[in-house]
Structure formats: structure tokens, C-alpha cells
Amino acid sequence: MPNKLILGSSSPYRKDLLKRLGVPFECHSPNIDETPLHPESAVDLVKRLSIAKAFAVDRERRGTDHTPNGIIITSDQVAVLNNKILGKPHTVDNAISQLSRFSGKKVSFLTGLCVFNQQDQSYQYTLSEYHVYFRTLTLNEIRQYVLLEQPLDCAGSFKCEGLGVCLFDKMEGDDPNSLIGLPLISLSRLLRETRHQPNRLKTKWRKDR
């Protein structure tokens with residue numbers, strides 16, 4: 001059985017989410033070109049990049065002295081408004097522009113998840129979709145929020161685990177963690193299928209016995 005988990009990301013948000021499962025893991029940020037292809041839908045983009053990141057991590061680790069016996073976890077996320085793909089803003093002006101477009105509208109967030117087995121080169125992929133309904137926002141509210149929370153590395157220009165929830169009317173979806181960048185419900189299921197069980201659940205099971 002593969003004896004370690006590898007999170008293929010440098011995102012502190014995904015790292016914090018994975019810590020919730022209580023499983024030890026390493027981090028390895030893949031080096032890939034994330035430029036969308038033309039034409040490419042949001043669904044196809046997050047699938048392609050999630051899988052490409054997993055193969056990149058596998059390839060990069062095989063080029064070192066790492067033993068290729070791990071489970072690699074990778075993910076990719078985009079926001080979609082009116083069928084247009086929106087990524088991370090990176091600048092204050094872009095964040096303000098994104099949130100101004102979101103005001104009073106429904107925005108969909110697509111998060112691809114890939115779990116890759118280094119031993120047999122197999123992978124499983126799943127897509128999580130989450131919808132955010134933004135309330136009508138004033139430009140002053142948007143500016144204050146962006147300057148206060150600096151969500152420049154977040155798809156959609158907000159942090160739902162922080163003050164970003166104050167921008168919403170409501171949210172819809174199966175797993176709110178997917179909005180942060182890592183769908184833990186789907187990930188837990190895929191890890192169970194690879195015989196990786198969160199440590200906290202293992203401990204509880206032993207006590208119940």
C-alpha cells in the first residue's frame with residue numbers, strides 16, 4: 001500500500017484544509033503552465049489542470065531520490081460568470097473589478113480533484129460545483145473588503161472562510177470546503193477507496209472496538 005500522501009500544491013488554504021483530516025502529508029508544488037487552451041470550457045480546464053498537476057508532481061519526484069510510492073492529491077479551481085472563466089485576480093484593481101461584476105449575481109465555482117497512485121500510475125478524478133449568490137454591493141464596500149482582506153490569490157477575489165461571507169446572500173453546493181479549494185467530502189471518499197483513512201476516524205474505530 002502507498003505509505004504517504006503528497007499534496008501537489010503550494011496553497012496555504014489547501015494545506016490547512018488537508019490538515020483537518022489528521023493524516024500526515026508532504027507538499028510538492030507542480031511546475032506546469034496553467035494557461036487555458038482555446039477553446040476550452042471551465043469543466044475541461046479544471047480537469048486537465050488537476051490531472052496535469054498530478055502527473056507533474058509524479059514526474060518531478062521521480063527525478064529525485066524520492067521513492068515513487070505515494071498518493072498525490074491535486075486540485076484546480078476557477079470561477080465562472082456568464083460562461084466566462086475567471087481566475088485569481090493577483091492585483092487589487094482586478095479584485096475590485098471581479099467583485100463589481102459579481103454584485104447581485106450568481107457565480108459558479110468549479111473545483112477539480114485528482115487522486116493519483118504513483119505505484120500503478122492510476123488516478124481518480126472528480127468535479128465539485130459550488131454556487132455563490134452575491135448581494136448587491138457598493139463600490140465602497142468592495143474596496144474596503146479587498147483592502148482589508150487582500151484576497152489576491154483567491155479565485156473569485158474573496159475568502160469565504162473570512163469576511164468574504166459578508167458579501168453573500170446565500171451559497172449552494174454539497175461541500176463548502178470546495179469553495180476554499182479542496183473538496184474534503186470527495187477527497188475523503190477517494191482516500192477510503194485507496195485504503196487511506198483519516199487518523200481521527202481510525203482512532204475512534206479502535207476505541208469503539
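Here is a short chat about cysteines, aromatic rings and a pocket in this predicted model.

Biologist: Hi! What should I know before we start?
Modeller: This is a predicted model, where local features need pLDDT of at least 70, side-chain atom pairs count only at pLDDT 80 or more, and totals for chains, interfaces and linings use all residues. Residues are numbered from 1 along each chain as its sequence is written, and side-chain values use heavy atoms, with hydrogens and water left out.

Biologist: Thanks! How many disulfides are there in the whole structure?
Modeller: Zero, from a search of the whole structure. A disulfide here is a pair of cysteine sulfur atoms within 2.5 Å.

Biologist: Let's switch to rings. How many aromatic pairs does the structure hold?
Modeller: Seven. Rings of Phe, Tyr and Trp (its six-membered ring) pair if their centres lie within 6.5 Å; planes under 30 degrees apart count as stacked, over 60 as edge-to-face and the rest as tilted. One of the pairs is F55 with Y123, edge-to-face at 5.9 Å centre to centre and 80 degrees between the planes.

Biologist: Which elements do F55 and Y123 lie in?
Modeller: F55 is in helix α2 (residues 42-62) and Y123 in strand β6 (residues 122-134), so this pair ties together parts that are 68 residues apart in sequence. Helices (H or I, at least four residues) and strands (E, at least two) are DSSP runs, numbered from the N terminus.

Biologist: And are F134 and F168 buried or exposed?
Modeller: Both are buried, meaning under 20% relative accessible area, with exposed being over 50% and partly exposed in between (1.4 Å probe, protein chains only). F134 and F168 belong to one aromatic cluster with F102, F109 and F158.

Biologist: New topic: how much space lies in the largest pocket?
Modeller: About 650 Å³. On a 1 Å grid over the protein atoms alone, a pocket is an open set of points where a 1.4 Å probe fits, with protein on both sides within 12 Å along at least five of seven lines; lining residues have an atom within 4 Å of a point. The volume is the space filled by probe spheres set on the points, which are joined across faces, edges and corners.

Biologist: What lines it?
Modeller: The largest pocket is lined by 33 residues, and R14, E34, D76, Q77 and K88 lie nearest its centre. Strand β3 gives the most to that lining, with four residues.
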